[in-house]
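Work through the exercises below with the sequence and the model in view. Try each task before reading its solution.

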Amino acid sequence: ISEANGQITKLVKNYRSHSALLALPSKLFYHKELEVCADPSAVTSLLHWGKLPRKGFPLIFHGIRGNETREGHSPSWFNPTEAVQVMQYCCHLAKNENAAVSVTDIGVITPYRKQ
């Protein structure tokens, strides 16, 4: 939802995600109004990627045990073990024999407590 000049605009067209990833947020936050507008060949290209725990469902939840740390007096925390795992997934995607992903097309989203 975007607010400009006192007007509220709800953005409902999604051009990036597979429909399976949009179903829950559409139901919970958009009154089932989210529209899947992504290129089907792009969002289905990795549905059979060997690293997916469930073929056909393009999402990985990967819990990591590691230690959160920070540099000096920085307020930002990071988990080196988690960072290494993310790097490994990115390398697997970039080197995928069946459908390599360009490194410029890889984005990483990580949750953190104050988000």
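**Exercise 1.** Locate Leu59 and decide how exposed it is.

Solution. Leu59 sits in the loop between α2 (40-43) and α3 (80-94); helices are DSSP runs (H or I, at least four residues), strands too (E, at least two), numbered from the N terminus. The relative accessible area of Leu59 is 31%, so Leu59 is partly exposed (buried means under 20%, exposed over 50%, partly exposed in between; 1.4 Å probe, protein chains only).

The model is predicted: local features need pLDDT of at least 70, side-chain atom pairs count only at pLDDT 80 or more, and totals for chains, interfaces and linings use all residues. Residues are numbered from 1 along each chain as its sequence is written, and side-chain values use heavy atoms, leaving out hydrogens and water.

**Exercise 2.** Find the buried residues of α3 and say how they are arranged.

Solution. Gln85, Tyr89 and Leu93 are the buried residues of α3. Down the helix axis they fall within an arc of 80°, so they line one face; the arc is that of the directions from the axis to the C-beta atoms. In an α-helix there are 3.6 residues a turn, so residues three or four places apart point the same way.

**Exercise 3.** Is His18 buried or exposed?

Solution. His18 lies in the loop between β3 (13-14) and α1 (19-29). Its relative accessibility is 14%, so His18 counts as buried.
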